[in-house]
Amino acid sequence: MASSEIAQCLSATLSTDTNTRISAELKLSQLLNSPEAALALSQLVLTSEADLSLRQSAAIILRKYVTEHWSPYFSQFKGNAPPPEVKTQIRQAVFQGLSDPIRKIRSLCARVLSSIANSDWPDEYPELLNSLIGLLSSLSPDSVHGAMQVFTEFIKSDLTEDQILPVLRQLLPVLLNILGAPEQHSSLTRSRTLSVFRQCVESLYMVKDQYPEAVKEATSSVLPVWLDAFKTLLRVDPLQDVENTPNWDGLAIRIQVFKTLDTIQTSFPRALAPHLQDLLSAALLHLSVLYPTFHHYYLQQAAAVPRSSEDETIELIHLICPMLDFVASVARSGRAKDWFEGDNLSNLVTLVFTWTQMTHDDEEEWANNANAFVAQESDDTLSYSVRMAGFDLLGVLIDRNAVATVKTFEATIARVVAETQQHRESGSQDWWRPLEAALAAVGSQHEDVLDAIDDEIDSGRGKPIDIGSLLTNVVPNFLILSQFPFLQGRAFVFASQYAKLLPGQLAGQYLDAAIQVLEAPEASVPVKVSAVKAIHNFCQNVDDAISVPLAPRIAKDIGPFLPVTSEDTLTLVLETLAAVVEIDEGKWITEDLARALVSACLDVWMKNNKDPIFISILGNVFQSLASSPAYQAVVHQALPALTTALMSATEVDSYVASAAFELVGALVEGAPASGLGDGFFAILAPALYATLRATEDREAIQNGIATLTLIIRKDINQLIHWTDPTTGQSGLDGVLQVIAKQLQSEDESGGLVIGDLIIHLLRRAGEAVLPVLPQLLEAMVRRMRTAKTATFLQSLIIPFAFLIHNQRDTVLNLLESQQIDGTAALDILVRTWCENAETFQGFWPPRISTLALCSLYVSERPSLQNLVVKGDIVVKPETKNVIMTRSRTKQIPTEFTSVPFPVKALKLLLHDLQSGGEAASMGFSAKDVSEVASDDGAEDWTEEEALHQGFKADEFAFLSDMLGPRGVAFDNDDALEGNDDEDLKNDPVSTMDLQAHLLGFFKECAARNTGNFSAVVQQLTPEEIQVVQKAVSQ
């Protein structure tokens, strides 16, 4: 196929005539099914006589051809792959294009070749690497430019572990030569060598465990040379790159230097340590020297930022962000301690305050986009900026040296206030920017600053910063400056962040002023948003006595914001409403206000019923409203709408049912202790049971069962006395059907929620559940045989533990009489229980299990005496003192001993006794673990870290406090929160002294020789026998 035919077709695709263009595009699509068309495209790209737009179009279409027709490697592959000889010709043509005199052609060819390399290198295109390095070694700036663009992608995605080291040995010296030849190569090409080098460092880090010696040798020989080169580059005056120059290309090199330094600091910090003082000083100098340029281009907007020589934008902020990140990374690591003191600390804080000023672009965007304004200060913002990087650095500095940093805040903000006043008096229209930035900076660290103030006062020393003086003498002056909305809004937010330091009367005045802004129709978007944020903070940080008189007014003012806001702003409004309705437990909420708020919240939910964040906050609002005196009005307004949503939800929009269940659950949680009120369950029940019968959506099932459990806990009498008017089914029958469906399902995602439902049903239903208890228990035992997940097995076992603890003989008689496919139900239960007892999560479940095991042992049932269960792990010579990975476990399967149930019961109870009466993972002791062979880098631990499993003493103490005496599973959020179930929390099982109970158990068994105790003890390990002897002798 001739290039002319392809060229003619491509020209037609650029036609302004719609019919001509569409016809040409269809023809081109047909032509591309032929490999010759791709070859013609590659030749057209190299045809220098052709029009540039035509050549560019050919390169773009060729890349599309590669992803769709080159190889099945690509997910978009449509077939008709070219034969090897055609591929070779195309690769050669594209590679030749890397040296084309026109930059845009080189860049497009680099993208095509990168795509080809993804598929073909190294198997089908082994010469690529050497060819690229050959181009880099040439004296042609064009060739180097083209090859560098390929390498930028190539190193990132194509090198495997065993290829990295050989490639780097060839590549890095060539890159260093290019970097050090400014007279031959452009700044952008030289910056790409740094980008490739950074990816090389990342690649080395990835393989350092696999090739430790080779990587150590590479880093020790390579990094010092490059770090010296970095210091040389940074010594060049940065003003040369931004003054009297047509572009800012030179900044690209500095950007890549600091990005690379940050990567090295993370990956190979030891190599960087000798250079830190020089590099940190260079960063500080850059911040100082470049600030006037930032002020000119970004704050005053006196000129437009120039485009780069490759027609891209290189922003000054692209340099400042990685620079601040690097300094923060070093500070966070604890290295270069001496540098972060004295003048360096003072200058660094001052410069962060100045660099975090709002730019004109910020002002324009935030003035018209409330969501962007809210998002830029969110803790989990996805948009990164100099302001975010600067505030992050301030936080690290406070963590490192709180008092010194906060004192620097004091001096800096005092200077800013004085200078601002001078600029204001001189008529500057931008006088407010430094002050807004200073208040934002100190406000961003309010929690740490407040802690530092408290610590110093508790230690008998003076306050490191006088926030009170600012709040009394400085900030109030800005609350009425509506012509400077961002400073006005910042003043409100700053005051609310430090509300704890405000006298009661002044706090009330601030709060009232924020409310007036909400009510002022002329107030701008930033001020209103700031006022909402301030009210949110005030409601959380001031006494109820101050906020209660204003609460109804706030709630009425916030309500109208709900239907007109979205995304981040709506989140802020909802969070603020949630904080308002919690004031004084909502005692001030009237029925009319409650109905209005419920109606507004339901409208929000209908528009956002897929968003889990909104639903979670709405749940908090509903719970608080239900806890108020207006409970009945809340239920009458909310429950019918939520019930209708349940009934109308289909499998396609099952998320609606899931969210509706969550909000109904919030109403139940907020309901008074006296019950749900007449008719609550009658309204809800048909929709609740119908949805749980029909839906297969995991989240809807879990939320529905959780809601049903809450109803049983709160007001089971309504459930027991309700009968479905259409089917005659009782409320209890409905619960049993829900349980039966979950037991029959192969999906075990119900996990703990079904167990909670069964437990609370047994605890609350009393005699009402007795007629169906045998069937229920048999179904649960039957499901144990096929259950796989630990949480689902716990759901099946713990109800038996509860029943055995309370009605042992009745339950055991029942289980002994039941046969499951020829095996006694009791045998299945006890074997499953013994195998999983050490995995039980939560606080109450392990305790009830322990008590029930005690009860089983002392029952002395013949059916239990000879029942054989799984015992201890068999430790083999080849697995002793070795961490068993998955692959090793496959090669050497884990084996267990077999022991009689009484022996296993004592082992489990002894373990609980040793762990302070709490269940824990049955693994090694800390001493044992420290002796196991490992490659986790522990040899680099300090003496302090070695004593605390790799943590500093204070970090280890924090983890210990968080986890408690048991190793709580990290995937069990409820166990970590510890407040998910007030009923079980207040249960005698939770409040008793379990260790004392276990000691009493062992002493009594020893005294009476219960269950032939002395003979059973002899079957324990020597260590366990020692623990028994100690327990009995106490």
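This is a predicted model: local features need pLDDT of at least 70, side-chain atom pairs count only at pLDDT 80 or more; totals for chains, interfaces and linings use all residues.

**Core, charges and backbone**

A: Of the 348 residues in the largest nonpolar core, Trp605 and Trp833 touch the most other members. A nonpolar core here is a set of buried Ala, Val, Leu, Ile, Met, Phe, Trp, Tyr and Cys residues joined through side-chain atoms within 4.5 Å. Buried means under 20% relative accessible area, exposed is over 50%, and partly exposed is in between, with a 1.4 Å probe and protein chains only.

Q: Which helix gives this core its largest share?

A: Helix H39, residues 790–817, with 14 residues. Helices (H or I, at least four residues) and strands (E, at least two) are DSSP runs, numbered from the N terminus.

Q: Ok. What does Trp833 touch?

A: Leaving out residues up to four places away in sequence, Trp833 touches Ile797, Ala801, Ile804, Phe840, Ser849, Ala852, Leu853 and Leu856. Contact means heavy atoms within 4.5 Å.

Q: How many helices and strands does the protein chain have?

A: The protein chain has 53 helices and four strands. Buried residues make up 52% of its 1034 residues. Among contacts with a separation of 6 or more, 74% are between residues 24 or more positions apart.

Q: Switching to charges. How many salt bridges are there?

A: The count is 38, where a salt bridge is a side-chain nitrogen of Lys or Arg within 4 Å of a carboxyl oxygen of Asp or Glu. One of them pairs Glu310 with Arg192, at 2.7 Å from N to O. Glu310 is in the loop between helix H14 (276–299) and helix H15 (317–333) and Arg192 is in helix H10 (residues 187–207), so this pair ties together parts 118 residues apart in sequence.

Q: Are Glu310 and Arg192 buried or exposed?

A: Both are buried.

Q: What about Glu748, which residue does it form a salt bridge with?

A: Arg783, with the closest N and O atoms 3.4 Å apart. Glu748 sits in the loop between helix H36 (731–744) and helix H37 (751–765), while Arg783 is in helix H38 (residues 773–784), so the pair ties together parts 35 residues apart in sequence. Glu748 and Arg783 are both buried.

Q: And Arg782 with Glu778, how far apart in helix H38 are they?

A: Four residues, about one turn of the helix. Their side chains meet in a salt bridge at 3.3 Å, N to O. Arg782 is partly exposed at 34% relative accessible area, and Glu778 is partly exposed at 28%. Salt bridges that share partners join Glu778, Arg782, Arg785 and Asp821 into one network.

Q: New topic: at what angle do H25 and H26 pack?

A: About 145°, with the axes of helix H25 (residues 504–519) and helix H26 (residues 525–541) 9 Å apart. Axes are lines fitted to C-alpha atoms, for helices over the stretch in contact, and angles run from 0 to 180 degrees between N-to-C directions.

Q: Which residues make that contact?

A: From H25 they include Tyr510, Leu511 and Leu518, and from H26 they include Val527, Lys528 and Phe538. By class, the contact has twelve nonpolar, no polar and one charged residues. Ala, Val, Leu, Ile, Met, Phe, Trp, Tyr, Cys and Pro count as nonpolar, Asp, Glu, Lys and Arg as charged, and the others, Gly among them, as polar.

Q: Last one, the backbone. Where is the cis peptide bond?

A: It joins Trp121 and Pro122, with omega about 0°. Pro122 lies in the loop between helix H6 (103–120) and helix H7 (128–137).

Q: What is phi at Glu585?

A: Near 55°, a positive value in a residue other than glycine. Most residues other than glycine have a negative phi, and most peptide bonds are trans. Glu585 is in the loop between helix H29 (567–581) and helix H30 (591–607), and at 58% relative accessibility it counts as exposed.

Methods. Residues are numbered from 1 along each chain as its sequence is written. Side-chain values use heavy atoms; hydrogens and water are left out.
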